[in-house]
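Thanks for coming. Please look at the sequence and the model on the screen, and I will walk through a few places in turn.

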Amino acid sequence: MDIVIKVNELTTGRDKIIRLLQYASRTYWYYAQNSNRTKYSAEILRSLEFTFSSFRKLLRLGRCVDSLYSATKVLKHPDLILRTTLVSAKLANALYLLSDHFIWMGRVGIFKVNLDKWNKAANKYWLVNIIMNIMRDVYEIIKIMQYKGTVLRQQRTVSCLKDHKDVVMDTVKNACDLFIPLTALGITRCTPGTVGLLGVISSFIGLYTIVNPDYKLYPS
């Protein structure tokens, strides 16, 4: 099973790159659509964004199994709060990816699928996943602050930013991602341009943590 997971993980970096291009395309077409000079380019990039989205869904086929398997590994973690948030996040991610599989099959015509229903389900599961990850980030920050104990609050914050860049990066990434499913579900009303920009930031952070593992929060 570990060999299967390792092979599947080879697509992670590619998915992050395509994700960056997907949200960059969304940002560009939204801000360029009202300009006559760039209107045609905006329409092309709007179509390209859809293509990138579908390609990412194809790349992630079967990854729901990875999430379920990794959740079983975290069950042995000694910290109750970390165990609870991580397992919940991984289970929600598995359900999100499973929903995503149905969306892809509906898009390519393999099955007749209610795309609105599955898109809504996927965004709900993704939202739960992000909330669990943010709860984990908050818990990590609280532990850091408690460890610093007698230092002034401002100094503790600076120290957190300086010595725990992995926590900071993960928190920023999850905070950016949070508004994407919230907007898709109609809970917040961010413009496509704002959603695209937030997606670009979180995608860049995701890529950066692959290139520089020291900035990746563990366990993940």
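Leaving aside residues up to four places away in sequence, Asn133 touches Ala89 and Asn174, where contact means heavy atoms within 4.5 Å. Asn133 sits in helix α6. Helices here are DSSP runs of H or I with at least four residues, strands are runs of E with at least two, and both are numbered from the N terminus. Asn133 and Ser220 are 87 residues apart in sequence, and their C-alpha atoms are 9.3 Å apart in space.

A word on the source. This is a predicted model, in which local features need pLDDT of at least 70 and side-chain atom pairs count only at pLDDT 80 or more, while totals for chains, interfaces and linings use all residues. Residues are numbered from 1 along each chain as its sequence is written, and side-chain values use heavy atoms, with hydrogens and water left out.

Now the chain as a whole. It has nine helices and zero strands, so the pattern along the sequence reads α-α-α-α-α-α-α-α-α. Of the 220 residues in the chain, 40% are buried. Buried means under 20% relative accessible area, exposed means over 50%, and partly exposed is in between, using a 1.4 Å probe and protein chains only. Taking contacts between residues at least 6 apart in sequence, 72% join residues at least 24 apart.

Next, the charged pairs. Side chains of opposite charge can pair when their charged atoms come close. How many salt bridges does the structure hold? There are nine, a salt bridge being a side-chain nitrogen of Lys or Arg within 4 Å of a carboxyl oxygen of Asp or Glu.

Start with Arg60. Its salt bridge with Asp15 has the closest N and O atoms 3.5 Å apart. This pair links distant parts of the chain, 45 residues apart: Arg60 is in the loop between α3 (39–59) and α4 (63–74), and Asp15 is in helix α2, residues 12–32. Arg60 counts as buried because its relative accessibility is 9%. Asp15 counts as buried too, because its value is 10%.

Arg60 also forms a salt bridge with Asp100, and there the closest N and O atoms are 2.2 Å apart. Like Arg60, Asp100 is buried. Which residues are linked with Arg60 in a network of salt bridges? The network consists of Asp15, Arg56, Lys57, Arg60 and Asp100.

Arg56 brings us to Gln22. The side chains of these two residues make a polar contact at 2.9 Å. A polar contact is a pair of N or O atoms within 3.5 Å; within protein, one must be able to donate a hydrogen and the other to accept it, and residues adjacent in sequence count only if both atoms are side-chain atoms. Gln22 lies in helix α2 and counts as buried because its relative accessibility is 5%. Not counting residues up to four places away in sequence, Gln22 touches Glu49, Phe52, Ser53 and Arg56.

Arg136 and Glu140 meet through their side chains, 3.1 Å from N to O. The two are four residues apart in α6, residues 115–148, and therefore separated by about one helical turn. Both Arg136 and Glu140 are buried.

Val74, in helix α4, is next. Is Val74 buried or exposed? It counts as buried, because its relative accessibility is 9%. Val74 touches Arg83, Leu86, Val87 and Lys90, not counting residues up to four places away in sequence. The C-alpha atoms of Val74 and Thr84 are separated by 8.9 Å, the residues being ten apart along the chain.

Now a helix pair. Two packed helices are described by the angle between their axes and the distance between the axes. Helix α8 (residues 165–184) and helix α9 (residues 192–211) pack at about 145°, with axes 9 Å apart. Axes are lines fitted to C-alpha atoms, for helices over the stretch in contact, and angles run from 0 to 180 degrees between N-to-C directions. Among the residues that meet are Met169, Val172 and Phe179 in α8, and Val195, Leu198 and Tyr208 in α9.

Last, the segment after α9, where Pro219 is found. The peptide bond from Tyr218 to Pro219 is cis, with omega near -5°.
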